[in-house]
Amino acid sequence: MRSTRPTTTQTTCDCEDCPSFTITGHYRRTTEQADRHHQQAAVDGWADVELRDYCPGCPPALPVEEHDHAGLWVA
Ligand SMILES: [Zn+2]
């Protein structure tokens, strides 16, 4: 799930019960900065499938039982 606020762009894993997220802060958000956030998330291993986002520990190709729910940004 993606959420954009005036000073941050955040991507949260859409896998059930997974706490992983990645967030980028901005002084002032622009569309360009949000795009850069999503590009960086993709480089870091996040997957975007049918408008749902999955962290690197939750490859959407694997059954949910095999996910380790361990993104790089577990809180
Ligand atoms: Zn996850």
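In the predicted model, T12 has F21 of strand 3 as its bridge partner, strands here being DSSP runs of E of at least two residues and helices DSSP runs of H or I of at least four, numbered from the N terminus. Strand 2, which comprises residues 8–12, pairs with strand 3 in the antiparallel sense over five bridges, where pairing requires that DSSP find at least two bridges between two strands. Residues are numbered from 1 along each chain as its sequence is written. Because this is a predicted model, local features need pLDDT of at least 70 and side-chain atom pairs count only at pLDDT 80 or more, whereas totals for chains, interfaces and linings use all residues.

Strand 2 also pairs with strand 1, again in the antiparallel sense, over four bridges, and these two strands form a hairpin with two residues between them. Within this pairing, S3 stands opposite Q10 of strand 2. Together, three strands make up an open antiparallel sheet in the order 1-2-3, of which strand 1 (2–5) and strand 3 (21–25) are the edge strands, each pairing on one side only.

Helix 1, spanning residues 31–43, lies across strand 1, strand 2 and strand 3 and runs at about 30° to strand 2; axes are lines fitted to C-alpha atoms, for helices over the stretch in contact (C-beta atoms, placed from the backbone, within 7 Å), and angles run from 0 to 180 degrees between N-to-C directions. D35 is placed in helix 1 and is exposed, with 11 other C-beta atoms within 10 Å (exposed meaning 12 or fewer, buried 20 or more, and partly exposed in between, with C-beta atoms placed from the backbone). D35 and T9 are 26 residues apart in sequence, while their C-alpha atoms are 9.3 Å apart in space.

How values were computed: Contact = placed C-beta atoms within 7 Å.
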